Structure formats: C-alpha cells, structure tokens
Amino acid sequence: MSGTEDIGIEALTELALNLRWSWNRSTDELWAQLDPELWSLTHNPWAVLQTASPGRVQALLARPDYRQRVKDLIDRRHLYMSSAAWFQQAHGQSPLTRVAYFSMEFALSEALPIYSGGLGNVAADQLKAASDLGVPVIGVGVLYQQGYFRQVIAADGSQEALYPYNDPDQLPITPVRNQSGDLLRLPIVLPGQKVWLRAWQVQVGRVVLYLLDSNDPANPPAFRGITSELYGGGAELRLQQELLLGIGGWRLLRTLRLEPEVCHLNEGHAAFAILERARSFMEDTRRSFDVALAVTRVGNVFTTHTPVAAGFDRFSPALLERLLRPYAEQQLGVSLHDLLALGRENPDDPNEPFNMAYLAIRGSGAVNGVSRLHGQVSRRIFQSLFPRWPEVEVPVAHVTNGVHTPSWESAAADALWTKTCGTERWSQTLTTIERDIANASDGELWALRTAARRVLVDYARERVAQQGAFMGLPSDEVSAIGVGLDPAVLTLGFARRFAAYKRPNLLLHDPARLLRILTNAAQPVQLVIAGKAHPADRGGQELIRMWIQFIRRPEVRNRVIFIADYDLLLAEHLVRGVDVWVNTPRRPWEASGTSGMKVLVNGGLNLSELDGWWAEAYEPEVGWALGDGQEHGDDADWDAAEADALYTLLEREIVPGFYTRDARGVPQAWIAKMRASMARLTPRFSTNRVVREYTDTYYVPAAARYRARGADKAALGTQLVGWTRDITQYWPDARFGALRVATQEGRHHFGVDVDLGRLDSEAVRAELYAEAANGREPERHAMARGRRLDGPDHGYEYNVSIPAVRAAGDYTPRLVPYHSAARLPLEAHEILWRR
C-alpha cells in the first residue's frame with residue numbers, strides 16, 4: 001500500500017512509548033496480535049514489543065493490512081501532537097509557557113506501577129487532560145524500584161504484601177540523555193555523601209513526565225534504596241525521598257533548560273521544590289533568599305489533599321538539621337532556624353516538628369483544597385497560621401477533583417458517547433454534553449449497562465478462580481467461587497483503601513440483614529469488593545479478614561466476592577461494570593474521592609456519604625446519599641445508625657428501583673437517574689473541567705505575577721520584601737481610637753480614628769467587616785482615608801457609608817496590610833480589630 005514501505009519497528013516503538021494508548025485504545029489490536037496472552041495480562045505495549053521475537057514482529061509488519069494500520073495510527077498521533085488545542089485557542093498570547101507538576105505518585109497505567117491510590121490517580125488524570133487540552137505541563141515524579149506493594153490474600157483472610165521489582169527495560173520509559181548523548185545523572189548532597197540520581201522520561205500524549213531514581217551503581221546501597229518503594233520505610237527515608245523529588249526535580253528541570261513560570265505542588269511532599277526554585281533564582285540574579293522567595297512563590301500553586309492535620313508529613317528538627325543545615329547555610333544563605341520557621345506554626349519553638357504543608361503554604365502564591373467541603377475543612381486546619389483572621393478568609397480556595405473520562409469509559413460507553421456527542425467531546429469545553437447525551441434512548445442506556453455487567457462478571461469469575469487457587473482453598477470451594485455471579489443481577493461495587501475512616505465494613509455491620517438483601521430470591525444483589533490495607537495498618541487488614549471470613553460462608557460465596565490486588569486494571573473493570581458504587585467514609589475525612597466519579601461515564605450510579613465530591617454533586621435525581629451533612633467523628637452509635645440507613649436505602653429504593661421494569665424489561669426510573677447522572681455529573685467532574693479551571697484561575701495569573709515580580713532585576717520582589725519587613729516591624733504601633741456611628745435615611749455612616757505609628761498609610765487599609773449571618777455572606781467594605789488626626793501621632797480618620805440592611809452592631813472596623821501586588825493574607829497575616 002502506498003506510503004507504508006518505510007513502516008517498521010521504529011513506528012511500533014513510537015506508539016508503544018507514548019502512553020496515549022492508556023486512554024486512546026486504537027492501538028490495542030496491534031499488541032494483541034503480537035502476543036494476545038501477554039497483552040491481556042499486562043496491558044503493557046512496551047513489554048509486549050520487547051518480548052516478541054524479531055521474526056514475529058517482521059512477520060506482522062510484512063502484512064499490508066497491519067502495516068497500513070500502523071501507518072494510520074502514526075499519522076493520527078502526529079496530527080494529535082501538532083494540532084492546536086484548547087489552550088492554544090484560549091490562551092495563545094498568555095504569559096504562561098510551562099507548568100511543572102510535582103507529585104509523589106502518578107497512576108498513568110498498570111504498565112507503570114509507581115502509584116498507591118487516589119493521589120496518583122489525580123496526578124495522572126490531570127496530566128492526560130493537560131495533553132488533550134494542550135496545556136503546557138511537564139510532570140516530575142519518582143521511579144520506584146518496587147512501587148507500592150502487591151496484595152495476596154490467604155485462606156484465613158490475612159493480607160500478604162509482595163514487592164516485585166520494576167524492571168526499567170520492561171516499563172514504557174526511556175532514559176534521559178544530555179546533549180552529548182550520555183545518560184543524564186544529577187548529584188545532590190546528603191550528609192557525608194554525594195547521591196547520584198538517574199532521570200527517565202515518559203511520553204503522555206503531548207506531555208512529558210520526568211522520573212528520578214537513586215538506583216545508580218555509583219551510590220552506596222543505602223542511597224540506592226531511597227527510591228525503593230512508595231510510602232515505605234521510616235521518617236528518614238521519607239524525608240530523603242521528598243528531598244530527591246523537590247530539590248532533585250527542580251535541578252533536573254534546570255539541567256534540561258526547562259524554566260517553568262508555574263510550579264504546581266500536588267500535596268506537600270514536593271514542597272522542597274520551593275527552596276530549590278528560590279535558590280536557582282538567587283544563583284541567576286544574585287538576590288537574597290528573601291527576595292528570591294518573594295519572586296518565585298507567586299509562581300507556586302499548592303494543592304492539599306489532606307482532610308486532617310495529622311495527615312501532613314512532619315519531620316523532627318534533629319532530622320532536618322542533619323540533612324538540611326548545610327543546604328540552608330551554604331546554598332540558601334539562611335540560618336537553620338529561619339529555614340525551620342517556614343515549616344512551623346511557632347518559629348521560636350525548638351521542639352516543634354517541621355510541617356511540609358506549612359512550607360508549601362509559606363512558599364506558594366495560591367493554595368487550594370480538592371472539593372468545596374475540603375476547602376472549608378482546610379481553612380479550619382490552617383486557621384492557626386492566620387491568627388485572628390476569620391476562618392472564611394483563610395487563603396485556601398478549592399478546585400474539586402475530576403477524572404480523565406476517556407481513561408475510564410468502556411468501549412461500549414465510548415461508542416454511545418461518540419454517537420451522541422462526537423469524537424472530540426472530552427477535548428473541548430463540554431458545554432453541549434448535557435444536551436447531546438439526551439439523544440441516547442432508554443433502550444441504548446439499558447443495553448450499555450447490561451453489556452457492561454456481563455463483561456465484569458466474566459472478568460470477575462476468571463480473577464477469583466485464579467485467586468482461590470493461590471489462597472490454598474479446598475478444591476470444592478475454589479470451583480464454586482464466582483460461579484453464582486449473574487450478569488442479570490444488580491451489582492454493587494466497593495473498592496477503596498481499607499482504612500478505619502473509610503468504614504469498609506459498614507455494609508457488614510449487620511451480616512444477617514446484609515445476607516437477606518443479597519439472597520432475596522425475587523430481587524437478588526451481588527457485591528464485588530476490592531482494596532488494600534497499608535502493610536503497617538493492622539486495623540485495616542483486620543477489616544479485610546472479616547470480609548473474607550464472611551464471603552467464605554457457603555450461603556454467601558455466590559453473592560459476594562473479594563478480588564485481591566486492587567490496581568488500575570481491576571479498577572477499570574469495576575467502574576465500567578458495577579451498577580452502583582458504594583462509598584462510606586466518615587465525613588469529612590475524604591477530601592474528594594474520585595472512584596465514584598469514574599462510574600459516571602459508564603452509566604453507574606453512586607450511593608455515598610455526603611463527603612468530598614458527593615457533598616456538592618448529590619441531588620436526588622442522580623443517586624443516593626448517606627448522612628446528614630454533619631461531622632460525627634468515630635461515634636459507634638452514629639455508625640450503627642448509618643448502617644441501618646444504608647440497608648434501608650437498599651431495601652426500599654435501590655433494589656426495587658433496579659427490578660421495577662416496564663413491558664420492554666427496562667427500569668424506567670433507574671434509567672432516568674442514569675441519564676441525569678451521566679448528563680449533569682460526567683462533564684462537571686472531569687479533569688477537562690479541572691485542568692481548564694486550574695489554567696484559567698491559577699496557572700495563567702500565577703505566570704503573570706511571577707514575571708512581574710522578577711522583572712527589572714526583581715524590582716517588585718525587592719519592594720515587597722521591604723514592605724513585608726516594615727509591616728512586621730511596625731504593626732504593633734497601630735491602634736484604634738474613637739468610633740462614630742450614625743444611621744440616616746437607610747444608611748449606616750461609620751467613622752473611626754486609627755493611629756498608625758510608624759506604619760505607612762499607603763501600606764495598610766481600614767475595612768468594615770461583618771460575619772456571615774442569616775444566610776448572608778460575610779461583608780467587607782473598604783473605608784476611605786480622611787483627614788489626618790490632630791496631635792503628634794501619625795493617624796487618620798477613616799469613613800464609609802453602607803446600606804442599613806443589617807444592624808450597625810454587626811459591623812466591626814479592622815486594619816489589614818495592603819499592597820496592590822501582595823497575596824493577602826498569605827504574605828502578611830497581621831490584622832487589627834477594634835474591640
């Protein structure tokens with residue numbers, strides 16, 4: 001065929017090493033033809049290509065149809081890579097040229113097992129969406145020799161953790177080389193030893209992800225093991241990993257001459273990048289650390305995923321001193337005390353641990369949580385860093401997480417969405433999705449669910465049969481596992497990390513009642529469960545053991561299965577196949593949660609606690625909710641009440657709703673919920689929306705601020721350092737004087753005297769503030785500076801007139817720092833109230 005003569009193994013290599021295949025399934029048939037068994041087991045095109053014999057590859061490439069297919073895919077890839085996307089159309093003239101996205105883990109594919117769970121899913125899905133949208137993002141992470149553990153379940157329900165080696169030759173990655181073609185190796189210094197870091201790159205569509213590892217032959221064994229496993233070892237290993245990620249990651253970008261305007265920290269693990277970025281600016285401009293931090297911090301965005309203060313990484317002062325004193329004094333030019341102060345609530349408490357989240361906040365120009373509720377929770381958590389500021393004004397916003405829809409939709413769902421919404425639906429602004437999906441008929445929607453359930457049942461039967469043999473169960477029990485799974489039966493899914501706060505055993509609170517629901521002859525239910533407990537979490541492992549013991553009961557085993565070793569491949573099958581996704585965390589301990597979002601595109605429905613994303617997504621038309629929207633801690637009585645509510649929802653609404661059919665065998669009410677959920681929630685909780693929101697609201701403004709502060713030899717940054725110093729030094733001088741209030745003709749007139757002492761009147765602002773009340777938002781009114789006060793003091797009269805819609809007593813004057821370029825109260829948290 002014309003134009004295919006030059007298609008060879010290089011073309012297959014190009015396709016195999018771009019992880020766009022993890023969400024664009026058009027190359028699947030190529031790898032299945034090379035080695036169908038290996039492909040089905042690994043879903044790793046690079047491993048398939050590496051394993052296939054040259055003769056097998058050449059035989060396939062000799063076929064004109066195969067060669068033409070490869071050429072077509074290469075042409076499509078080149079078109080995708082070179083075409084202008086949303087970012088180029090919306091922000092083509094913006095100051096943003098590059099965003100560096102740092103994360104401890106990335107869950108791109110089961111072929112690259114360097115992830116644990118939710119944090120990695122968020123990071124990977126945002127990289128994929130950035131590729132689709134053309135946002136100029138580069139990722140920075142860690143290549144773990146073993147990654148997160150693999151799970152095996154024994155016959156007694158106990159969990160065994162295995163750590164298979166990640167062979168770089170079998171992973172879809174390539175080593176980074178310098179301009180001379182040599183392998184790139186970066187040195188960082190830990191006490192008494194230079195540590196060499198190797199660099200790798202992963203092509204993710206248009207985006208490149210760089211990974212660092214310490215398994216260099218020149219390193220001693222202890223240092224080679226720094227990147228051995230994700231979330232393993234003690235505090236020192238964790239600190240070493242975070243130094244490698246933050247400091248080593250930013251140095252890698254510098255070495256590659258990649259200069260991002262924006263650095264996005266996905267959790268506080270990578271916060272040391274703040275210090276290295278400032279050090280790099282010092283090196284380039286010969287400015288002090290204070291000026292360098294003032295300039296670079298506005299280009300840093302910190303996303304926190306942690307809903308409890310105890311969840312942040314904290315390190316002892318002694319450990320920080322041993323590992324970071326030389327870096328602070330010799331490279332940053334600051335004392336250890338000043339460095340530690342960036343990670344402490346009280347800088348003068350020598351015993352307070354160093355908090356990575358505090359460093360991230362003090363080194364960033366924007367901070368956000370990952371759901372509306374989590375934003376509220378985070379403001380409460382970080383309130384102590386902004387004393388006397390109202391909680392609502394603690395500078396933590398929110399961008400609710402989403403999922404990369406193309407990665408999670410089944411082939412059948414893709415076909416249905418393509419028919420109704422077009423092939424480019426997830427790469428645009430999603431404005432017509434809700435309208436277009438309405439064109440799908442009830443029959444098409446129900447056929448989608450019926451087919452998906454069958455695929456899941458077939459997969460689950462195969463997995464649990466293999467698992468039963470590994471568990472050492474009696475042969476009669478092995479042969480019975482999964483046989484009773486029925487593709488016509490309502491299928492519930494629960495797959496989470498097994499931890500106490502996620503309450504994975506809430507469904508098991510009353511085993512007899514659960515059994516009655518599952519085994520109802522007229523309206524049966526089946527339940528598919530998966531999840532790992534951290535190897536150090538004995539309580540979580542006990543929760544797994546309780547489920548296994550329940551499942552092994554003869555009357556249960558045909559209705560409930562536990563599939564071991566929850567990973568991305570298993571997750572794909574579950575979210576595509578289940579009818580209802582069950583989620584039962586203790587509010588507010590799930591910052592966002594994304595697993596339930598993944599069922600949306602496939603027509604699955606959610607039954608979830610009003611926590612995380614579901615607290616803002618839930619409406620009766622789109623699913624079911626548990627809880628009263630309040631926090632109850634670990635109250636056992638409340639757990640019992642919620643378990644009862646869970647069973648009641650299943651008995652009275654969910655199960656009958658699934659089995660109530662019309663003359664065509666279609667459950668009309670169920671389909672109505674499916675349609676509403678797919679139309680309203682799928683676009684809203686996609687990373688398409690998330691990445692566009694980060695770009696519009698965070699990245700582009702941050703890039704402009706960073707450029708402004710660094711211009712003219714950091715003139716604005718230098719000015720801000722002086723402004724901050726004066727505010728800190730002279731703030732105690734300020735005090736309020738007399739207050740005058742009058743109400744006339746429907747308006748309140750306020751006047752107040754303020755003695756500023758040595759404060760510059762241009763460096764502060766007087767405001768009138770009223771708290772939220774009776775459904776009203778907080779009010780802030782700037783007060784105009786009036787006449788200078790008589791006498792020797794440096795003071796002014798401030799005035800404002802406002803509508804008298806609230807009592808005058810609701811309002812309180814306050815004094816706050818002010819600078820048109822400052823990020824407040826992030827950069828100056830002083831505040832004075834008139835009491």
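Which strands and which helix are included in what covers the buried residues of H16? They include strand S13 (366–369), strand S14 (397–398) and helix H26 (614–617). Before going further, a word on the model: it is predicted, with local features needing pLDDT of at least 70 and side-chain atom pairs counting only at pLDDT 80 or more, while totals for chains, interfaces and linings use all residues. Residues are numbered from 1 along each chain as its sequence is written, and side-chain values use heavy atoms, leaving out hydrogens and water.

**Helix H16.** Helices (H or I, at least four residues) and strands (E, at least two) are DSSP runs, numbered from the N terminus. Helix H16 spans residues 372–381, and seven of its ten residues are buried (under 20% relative accessible area, with exposed over 50% and partly exposed in between; 1.4 Å probe, protein chains only). Among them are Leu 373, Val 377, Arg 379 and Ile 381.

**The parallel sheet.** Now to an open sheet of six strands, paired in parallel in the order S17-S16-S15-S18-S19-S20; two strands pair if DSSP finds at least two bridges between them. Strand S17 (560–563) and strand S20 (623–626) are at the edges with a single partner strand each, so one side of each has no neighbour in the sheet. From one strand to the next, the twist averages 20°. Inside the sheet, strand S18 (residues 580–583) and strand S19 (residues 605–609) run parallel and are joined by four bridges. Trp 581 is found opposite Asn 606 in S19.

Two helices meet this sheet. Helix H20 (residues 442–471) packs on it, touching strand S15 (490–495), strand S16 (525–530) and S17, and its direction makes about 65° with that of S17. Helix H27 (residues 636–659) lies across S15, S16, S18, S19 and S20, and runs at about 170° to S20. Here contact means heavy atoms within 4.5 Å, and axes are lines fitted to C-alpha atoms, for helices over the stretch in contact, with angles from 0 to 180 degrees between N-to-C directions.

**Cavities.** A cavity is a set of points on a 1 Å grid over the protein atoms alone where a 1.4 Å probe fits but cannot get out, and lining residues have an atom within 4 Å of a point. Grid points are joined across faces, edges and corners, and a volume is the space filled by probe spheres set on the points. The model has eight cavities of 30 Å³ or more.

| Cavity | Volume | Residues closest to the centre |
|---|---|---|
| Largest | about 170 Å³ | Met 471, Leu 473, Ile 481, Ile 551 and Arg 552 |

For the second largest cavity, the lining divides into five nonpolar, four polar and five charged residues.

**Strand S22.** Seven of the nine residues in strand S22 (residues 747–755) are buried. Strand S21 (residues 735–744) pairs with S22 in the antiparallel sense over eight bridges, and Phe 736 is opposite Val 754 in S22. The two strands form a hairpin with two residues between them, and Glu 745 in the turn has a positive phi of about 50°. S22 also runs antiparallel to strand S26 (residues 795–803), joined by nine bridges.

Definitions and conventions:
On a 1 Å grid over the protein atoms alone, a cavity is a set of points where a 1.4 Å probe fits but cannot get out, and a pocket is an open set with protein on both sides within 12 Å along at least five of seven lines; lining residues have an atom within 4 Å of a point. Ala, Val, Leu, Ile, Met, Phe, Trp, Tyr, Cys and Pro count as nonpolar, Asp, Glu, Lys and Arg as charged, and the others, Gly among them, as polar.
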